[in-house]
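Please work through the exercises below with the structure at hand. Each task is followed by a solution in steps.

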Protein chains: 2
Amino acid sequence: MSERANTAKRQMKLGAFMYPGGHHVAAWRHPDVSAKATTDFQYRVAFAKAAEAAKFDLIFLADGVGVGESNVAALSRVDEWSNGFEPITLLSALSAVTTRIGLVATASTSFTEPFNLARYFASLDQLSEGRAGWNLVTSSDGIEAQNFNPRDLQHTARYARANEFADVVLGLWNSWEDDAFLRDKESGRFFDPAKLHVLHHKRTYFEVRGPLNVARSPQGHPVLVQAGSSEVGKELAARTAEVVFTAQRTLQDAQAFYSDLKARLPRYGRNPDDLKVMPGVFPVVGRSEAEAQDKFAALQDLIHPEVGLALLSTYIGNFDLSVYPVDGPLPDLPESNASKSRQQLFVDLARRENLSIRELYLRIAGARGHWQLVGTPVQIADALEERFLNGGADGFNVMPPTVPGGLTDFIELVLPELRRRGLFRSEYEGRTLRENLGLPFPRHAARPTSRRAAE
Amino acid sequence: MSERANTAKRQMKLGAFMYPGGHHVAAWRHPDVSAKATTDFQYRVAFAKAAEAAKFDLIFLADGVGVGESNVAALSRVDEWSNGFEPITLLSALSAVTTRIGLVATASTSFTEPFNLARYFASLDQLSEGRAGWNLVTSSDGIEAQNFNPRDLQHTARYARANEFADVVLGLWNSWEDDAFLRDKESGRFFDPAKLHVLHHKRTYFEVRGPLNVARSPQGHPVLVQAGSSEVGKELAARTAEVVFTAQRTLQDAQAFYSDLKARLPRYGRNPDDLKVMPGVFPVVGRSEAEAQDKFAALQDLIHPEVGLALLSTYIGNFDLSVYPVDGPLPDLPESNASKSRQQLFVDLARRENLSIRELYLRIAGARGHWQLVGTPVQIADALEERFLNGGADGFNVMPPTVPGGLTDFIELVLPELRRRGLFRSEYEGRTLRENLGLPFPRHAARPTSRRAAE
């Protein structure tokens, strides 16, 4: 079966999740990984170029605005959050040395001004000629909030703010019509005043006049990405998101999430296909199953118990587990204001498989709550295909265990298998991130569309 | 006289002021300029590479966070502020395609959070391996404030906030000691916990716990640049700035500003040489004086009267001049909350030279209040040398009238003349912006220095 014969077939969208040394918490200690990866820009360039050569849709950067050093002993054993690059600046730099791959950065609505954020991403979108995406997140009142004049960040209020924030940003991205700029030297008219729109936003959280001082880009505006899977998170996504990153470990959970979310879109006048669901996947690839298991075991062996316990603690709402026997069961947890859905994910996992605290943290330290696949290229392709073809995903956010090794394994071993099955592209379909993801071009609000109906 | 013989001599520092099409308000209409310059990243790359090849110390980007479209007819005739790149993202992108030139962006303390701003510039400093600079500005309550939940921005309060903002940023840039990161794979220790410092800032405007999640860079921290020349502005600069951009049109004014500012440094335990004064200069270069005058006249002819009037209006505190005869004198102006010193500059100029409104806007549209030099390479070098050797400047911020033409003229005609006189480098002295500017390395606050004495 030729690849060309499959071009009309629905294909997976793939993101490359960029941690400097790899997604595994102990990756930085692995022999394949440069210990200087966190602050070595060339390491990131190599990652981006490899992902682009392999035709990934996008690079994705997570983020946090603080250093949680309450447990400094554990923190000092990991390379995360302590000294890396900030995502918007990093992706801007990478935009100059790549030409096709999408660039998606996380930024919180809790600690930024919508005008600034709209402008940073619009500018990145211009710099990259239509390859920017913004992963909208909200933040809880933990360590990050202490860096921003500590404020009320209860779950409901922060989503109310996020909803309004998204409206302001989307509104500012409509400041200029696509053909507003005339650049007519002869008449001396640079733009058409009739195609400039002032926002005049004034509601509960924000008063923002506009217009934005950045033009629309070749993809209209940056792709809006989200990851929340609480009830309010899913409603915000159904109304505004174009890509949703999720963490489901089983096909059943993935199908339930996928169909639930997609069913919400028509209520906002949107087509279910206007939003792509891309669960995270942590693939450990071996030429044989034994090789894959050995690779994974070698990484797991590098996890210091202090790190495992601290990681688990943050994932269940900063609940201190150090007083409980590490080989005993997970205790009952108080409700957390942090990511509710994530806490529940781990509690369910521990109960379902009767895991001890140590067993639970070992599960988490690799995939960090995401779907973990340890196996051969065929096994991994089988699992991805099953989920993709059975209403569980539109694609995947690939989280390489180590960099560059884990990324190279996926590119050299799994992608050829997916291509043989006609499940992944051999060449980019479009010039912009939006085109490659198969998302509709957002028409300017001056010509009403369903997108803006919620205002 | 060989260039080598002059290496020990004090030399000028030079910045290249990057407007997309050039500093002249009508530059975009000039035949040498691409009308797409504002959003053509490759145009900026060419500028940066040319300035780097010519050994400029730095590229400088001004900024504003809004589109002042109250006079949309005039606005639609200029290319500024309406659709360009945001400076932090643009310089991050340029950091990937340059290796030696400094990258200085303007960002306001009035509309940003100090943690975010400290992080963006620290990240740019890492990406560029020690070439970042932050031009700290404050903003008045004009058009920009309307994009940020309009707030009190009276002159005194905004400088009080700016002072505290600078302390927070400098404090966050000291979160990690220079040798904090061990990256020891064997022991599994990534950093030394004793070399991580929490800020615990809490004063009038900000409560910021820290630490920052970006490490110190090869230059310690980004170079702190300022441009305020009011009384409170000069005090803030004397306490914290390492470079000051200014606008003095005469040698006498430049000398007065220079000696006044430098004399303030010892009060803060600083050496006068720890701060470089770099006035702006707008050079129109011709191989003959007549050629230079012709070049300038050709640009002036491209200024539409609507543009000239509107530009003058913004420079004198948004005072509407359209009701006054354009060939009559400048009326008396009410005191403005905008840049006080800039308003006074233009009033003084008009009175001193008995200029009509039209004559005044024609003066401003070129140099925009900066020092204007129209002449041969020798004449321009003479003027720069006079000011440099007579206590008026440590260097200059060069504002090319057009890009690339005006920049090329300065590089190909004026720089060789300055080099013949031993006044400008032929090769970079250091790897970092700080080294090239001859500024001291900021020792980490854990070892007390005079810098931090004000806290």
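Predicted model: local features only at pLDDT ≥ 70, side-chain atom pairs only at ≥ 80, totals over all residues.

Residues are numbered from 1 along each chain as its sequence is written, chains are lettered from A and ligands numbered from 1 in the order in which they are written, and side-chain values use heavy atoms, with hydrogens and water left out.

**Exercise 1.** Determine whether Ser95(A) is buried or exposed, and list its contacts.

Solution. Step 1: Ser95(A) is placed in helix H3 (residues 87-95) of chain A; helices are DSSP runs of H or I with at least four residues, numbered from the N terminus. Step 2: the relative accessible area of Ser95(A) is 5%, so this residue is buried (under 20% relative accessible area, 1.4 Å probe, protein chains only). Step 3: beyond neighbours within four places in sequence, the contacts of Ser95(A) include Leu103(A), Arg131(A) and, from chain B, Ala93(B) (heavy atoms within 4.5 Å).

**Exercise 2.** Locate the partners of the salt bridge between Arg434(B) and Glu242(B).

Solution. Step 1: the closest N and O atoms of Arg434(B) and Glu242(B) are 2.6 Å apart; a salt bridge requires a side-chain nitrogen of Lys or Arg within 4 Å of a carboxyl oxygen of Asp or Glu. Step 2: Arg434(B) belongs to helix H14 (residues 433-437) of chain B and Glu242(B) to the loop between helix H6 (231-240) and strand S10 (243-246), so the bridge ties together parts 192 residues apart in sequence. Step 3: both Arg434(B) and Glu242(B) are buried.

**Exercise 3.** Classify the aromatic pair of Tyr315(A) and Phe346(A).

Solution. Step 1: over all chains, the structure holds 41 aromatic pairs (ring centres of Phe, Tyr or the six-membered ring of Trp within 6.5 Å; planes under 30 degrees apart are stacked, over 60 edge-to-face, the rest tilted). Step 2: the ring centres of Tyr315(A) and Phe346(A) are 5.4 Å apart with planes at 50°, so this pair is tilted. Step 3: Tyr315(A) lies in helix H9 (residues 305-315) and Phe346(A) in helix H10 (residues 340-353) of chain A. Step 4: Phe346(A) is buried at a relative accessible area of 1%.

**Exercise 4.** State which ring the charged end of Arg10(A) sits over.

Solution. Step 1: the charged end of Arg10(A) sits over the ring of Phe388(A), 3.9 Å from its centre (NZ of Lys or CZ of Arg within 6 Å of the ring centre and within 35 degrees of the ring normal). Step 2: in chain B, the charged end of Arg10(B) sits over the ring of Phe388(B), 3.9 Å from its centre.

Methods
Helix = DSSP H or I, 4+ residues; strand = E, 2+ residues; numbered from the N terminus. Buried < 20%, exposed > 50% of the residue type's maximum accessible area, 1.4 Å probe, protein only.
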